[in-house]
Amino acid sequence: MSNDPIHQFHINPISPPIHLGAVDATFTNASLFMVAGVAVASGFMAWAMRSQALVPNRAQSVAEIGYGFIHGMVKDAAGEEGVKRFFPFVFTLFTFIFMANMLGMFPYWFAPTSQIIVTATMALMVFFTVLIIGIGKNGFKFLKLFVPSGVPIYILPFVVLIEIISFFSRPLSHAVRLWANVLAGHLVLKVFAGFVPMMAAAGGLVLVGSILPLTMTVALYALEFLVAFLQAYVFALLTCIYLNDALHPGH
Amino acid sequence: MDAEAAKLIGAGIACIGMGGAGVGVGIIFGNFLQGALRNPTEAPKQFGNLIFGFAVTEALGIFSLLIALLLLFVRL
């Protein structure tokens, strides 16, 4: 069915099957767009910063503004120490997600972030970084994360329980937020785009009415560009906030 | 009732949860605008907090949408 909105998320192998031991490493359309995202992002950065002029040209300005934007975000959320330790990690995550979302916005192209395995991998990376750095740096003091200060003793057990549950549901919500936003956005686009030929085929007055879903598709497309940026930003911002917990576990 | 029909009804019911997230997101942006119009110079500094609150609230709506999508499209 050409109008099937879920069809755009199918993963198709584009190379002969490659198996490394038990791992299926076949090159698929998802891998292609992840590689393309990394190539475009790093290629643009290298190309824009090639002259390293004191007074930047337009491309260099874009690269520097992007760098400064993330730098400011990490500094606000995780402090100077966070910048020193985690800035490359957060910047890489942001650029990768941003490029993956943006490349996915092209019609017939594939958005790797619409696969939960991609977002879950990144979310678990952040989760285990928080655990390992937090315990390695603070030792047992890391457990202060679960005991907020200033809570009356008789409700403390419940608060600790809730804090523990919320800590362990973080990778879930972190991964699902990005995945579901991209997935839902692309689904809605496809569904509204599907209305256009459906109404046009009906003919008569309905044909004239098909301009409405067409306008809606264009408006949703603009919204999806906003979402593509915003979700990359949100993912990076939450990463900073979680990493800040690893550095300073006391509330 | 047919299991397929129950799935469709369940997906519809699951989407009600998104209304609550809509209310929450509205409250966040509405209150931000109120504060921002009272004190515009301080507003840009709170952009990170705004987006953080938006993201945490929106996640709950996304969860219910996720349940609806799972019910609709996952074949057991």
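## Where α4(A) meets α3(B)

In α4(A), the residues A:Ser173, A:Val176, A:Arg177, A:Ala180, A:Asn181 and A:Ala184 meet a set from α3(B). On the α3(B) side, the partners are B:Ala55, B:Ala59, B:Ile62, B:Phe63, B:Leu65 and B:Leu66. Sorted by class, this contact has 9 nonpolar, 2 polar and 1 charged residues. The model is predicted.

How do the two helices sit against each other? The axes of α4(A) and α3(B), the latter being residues 47-73 of chain B, are 9 Å apart. Their packing angle is about 65 degrees. An angle of 65 to 115 degrees counts as roughly perpendicular, so α4(A) is roughly perpendicular to α3(B). The crossing of α4(A) past α3(B) is left-handed.

## Where α6(A) meets α3(B)

Helix α3(B) also packs on α6(A), at an angle of about 100 degrees. Here the axes are 10 Å apart. These two helices are therefore roughly perpendicular to each other as well.

From α6(A), the contact takes A:Tyr233, A:Val234, A:Leu237, A:Leu238 and A:Ile241. From α3(B), it takes B:Gly48, B:Ile51, B:Phe52 and B:Ala55. B:Ala55 also belongs to the contact with α4(A). The class count for α6(A) with α3(B) is 8 nonpolar, 1 polar and no charged residues.

## The interface as a whole

How many residues of each chain are in contact with the other chain? Chain A contributes 15 residues, and chain B contributes 10. Three helices of chain A each supply at least two residues of the side that touches chain B: α2 (58-104), α4 (156-202) and α6 (211-247).

Which element gives the largest share of that side of chain A? It is α4(A), with 6 residues. By class, the chain A side divides into 11 nonpolar, 2 polar and 2 charged residues.

## Chain A: overall layout

Chain A has 6 helices and 2 strands. Starting at the N terminus, the order is β-β-α-α-α-α-α-α. Along the principal axes, the C-alpha atoms of chain A fill a box of roughly 70 × 55 × 45 Å.

Chain A has 251 residues, of which 28% count as buried. Take the contacts in chain A with a separation of 6 or more: 64% of them are between residues 24 or more positions apart.

## α2 against α6 inside chain A

The crossing of α2(A) past α6(A) is right-handed. The residues of this contact divide into 22 nonpolar, 6 polar and 1 charged.

## Loop residues with positive phi

Two residues of chain A, neither of them glycine, have a positive phi. A:Gln52 has phi near 50 degrees. A:Gln52 lies in the loop between α1 (29-48) and α2 of chain A. Is A:Gln52 buried or exposed? A:Gln52 has 8 C-beta neighbours inside 10 Å, and 12 or fewer counts as exposed, so A:Gln52 is exposed.

A:Tyr108 has phi near 75 degrees. The loop that holds A:Tyr108 runs between α2 and α3 (116-138) of chain A. A:Tyr108 counts as exposed because its C-beta neighbours inside 10 Å number 5.

## Strand β1 of chain A

A:Leu20 belongs to strand β1 (residues 19-20) of chain A. A:Leu20 is exposed, as 7 other C-beta atoms lie within 10 Å. A:Leu20 and A:Phe127 are 107 residues apart along the chain. Their C-alpha atoms are separated by 27 Å.

## Helix α1 of chain B

α1(B) covers residues 3-14 of chain B. At 1.5 Å a residue, its 12 residues should span 16 Å.

How many residues of α1(B) are buried? The number is 0, so α1(B) lies largely in the open.

Technical notes
Residues are numbered from 1 along each chain as its sequence is written. Chains are lettered from A and ligands numbered from 1 in the order in which they are written. This is a predicted model: local features need pLDDT of at least 70, side-chain atom pairs count only at pLDDT 80 or more; totals for chains, interfaces and linings use all residues. Two residues are in contact if their C-beta atoms, placed from the backbone, lie within 7 Å. Helices (H or I, at least four residues) and strands (E, at least two) are DSSP runs, numbered from the N terminus. Ala, Val, Leu, Ile, Met, Phe, Trp, Tyr, Cys and Pro count as nonpolar, Asp, Glu, Lys and Arg as charged, and the others, Gly among them, as polar. Axes are lines fitted to C-alpha atoms, for helices over the stretch in contact, and angles run from 0 to 180 degrees between N-to-C directions. Angles under 35 degrees count as roughly parallel, over 145 as roughly antiparallel, 65 to 115 as roughly perpendicular and the rest as oblique. A crossing is left-handed if the near helix is turned anticlockwise from the far one by less than a right angle, and right-handed if clockwise. The expected span of a helix is 1.5 Å times one less than its number of residues. A residue is buried if 20 or more other C-beta atoms lie within 10 Å of its own, exposed if 12 or fewer, and partly exposed in between; C-beta atoms are placed from the backbone.
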